[in-house]
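Here's a quick tour of the pockets and the nonpolar packing in this one. Have a look at the structure first, then read on.

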Amino acid sequence: MREVMAAAEVGDDVYGEDPTVNALESATAELLGKESGMFVTSGTQGNLCALLAHCGRGDEYIVGDHAHEYRYEGGGAAVLGSIQPQPVPIGDDGMIDLSAAEAVVKADDFHFARTRLLCLENTCDGKVLTGSQMRAAGELAARYGLGHHLDGARLFNAAVALGEPVAELVEPFDSVSVCLSKGLGAPVGSVLVGSAKLVAEARKWRKMLGGGLRQAGVLAAAGLYALEHNVERLAVDHTNAARLAEGLVGGVTIESCATNMVFVDVASAGGLGKQLEERGILTTWHGSKCRLVTHLDVSSDDVDRVVEGFSELLS
Ligand SMILES: *Cc1c(COP(=O)(O)O)cnc(C)c1O
């Protein structure tokens, strides 16, 4: 990856003249079966550009109550777009409650914000939404004339877990944002795809957000490399996560999923993070809970080390 970055042909992407960025944008759009793509600095910027392109001031988007775009992106749509979120519950399967979503679609009435967009996230906390769940959401969006956006930061994990072509899975969506910098292992960047019209609108917002980059081909080259070499191997991360979940026994409650995340709940977590750190294992805790994520820099031996660390410290 570093070699293709060093060798990348570049130009000025603010003028659409960086051949490597252009290649990444069209390759991603083609892979996802959409007309057009736009390289963005981060998943947050991809989601925000999409929200700003779909919705105007006083509009509203329906979103899961712990979806990344609602909970973990600084409220950007409200701050910068005057767009109101309408959260709805996410079930244990990672899918938003569609009847709750339908119930909050607002009538055309000056008392209400204008409901404009329905958002999903796949994977959500590592959980995979199936093609039929996404189609059901797409039908709801179509029934009410809403736009439909997917936060697909970890979409390729879902596609690999399902063993289904990614373009088929995202067919119901008007826009999709995918991260190159998570499991795919690029240092920086996401791509937002959709219709040419929507992406053109999003491009104006990207410029305003300071995301118009110049010789960005060095970054796009890493993205192209990631799409070519690091998608199928996500299955290895899923196997590693499953081994991790199986290995962690005794004093812990495990919630695993079909992809690359394991949630650990340790009743007696006090000091455990520090003790793991002393063994060179860095973890993040929220009270008694810890999220472990496997990716291309976590080997099968690393998984063994983590399992060993946890079981020795907890026994
Ligand atoms: C990481 C992530 C994002 C945001 O990506 P950044 O590049 O960190 O801004 C958005 N949505 C989901 C589901 C993510 O996992």
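Let's start with the second largest pocket: 15 residues line it, and Asp 125, Lys 127, Glu 255, Phe 263 and Lys 289 sit nearest its centre. Keep in mind that this is a predicted model.

**Second largest pocket**
- Its volume comes out at about 230 Å³.

**Largest pocket**
- The largest pocket has a volume of about 930 Å³.
- It is lined by 32 residues, with Met 261, Phe 263, Arg 291, Leu 292 and Val 293 closest to the centre.
- Two or more lining residues come from each of helix H4 (68-71), strand E9 (261-266), strand E11 (289-293) and helix H14 (300-314).
- E11 is the top contributor to the lining of the largest pocket, giving five residues.
- That lining splits into 13 nonpolar, ten charged and nine polar residues.

**Nonpolar cores**
- The largest nonpolar core counts 47 residues, and the ones touching the most other members are Leu 32, Leu 118, Leu 120, Phe 156 and Val 176.
- Setting aside neighbours within four places in sequence, Leu 32 makes contact with Leu 155, Phe 156, Val 166, Ala 167, Val 170, Val 176, Val 178 and Val 193.
- There's also a second, separate core of 21 residues, with Val 40, Leu 51, Ala 67 and Leu 192 among them.

Technical notes
Residues numbered from 1 in each chain as written. Predicted model: local features only at pLDDT ≥ 70, side-chain atom pairs only at ≥ 80, totals over all residues. Heavy atoms only, no water. 1 Å grid on protein atoms, 1.4 Å probe; cavity = no way out; pocket = protein on both sides within 12 Å on 5 of 7 lines; lining within 4 Å. Points joined across faces, edges and corners; volume = space filled by probe spheres on them. Helix = DSSP H or I, 4+ residues; strand = E, 2+ residues; numbered from the N terminus. Nonpolar A, V, L, I, M, F, W, Y, C, P; charged D, E, K, R; others polar. Core = buried A, V, L, I, M, F, W, Y, C linked by side-chain atoms within 4.5 Å. Buried < 20%, exposed > 50% of the residue type's maximum accessible area, 1.4 Å probe, protein only. Contact = heavy atoms within 4.5 Å.
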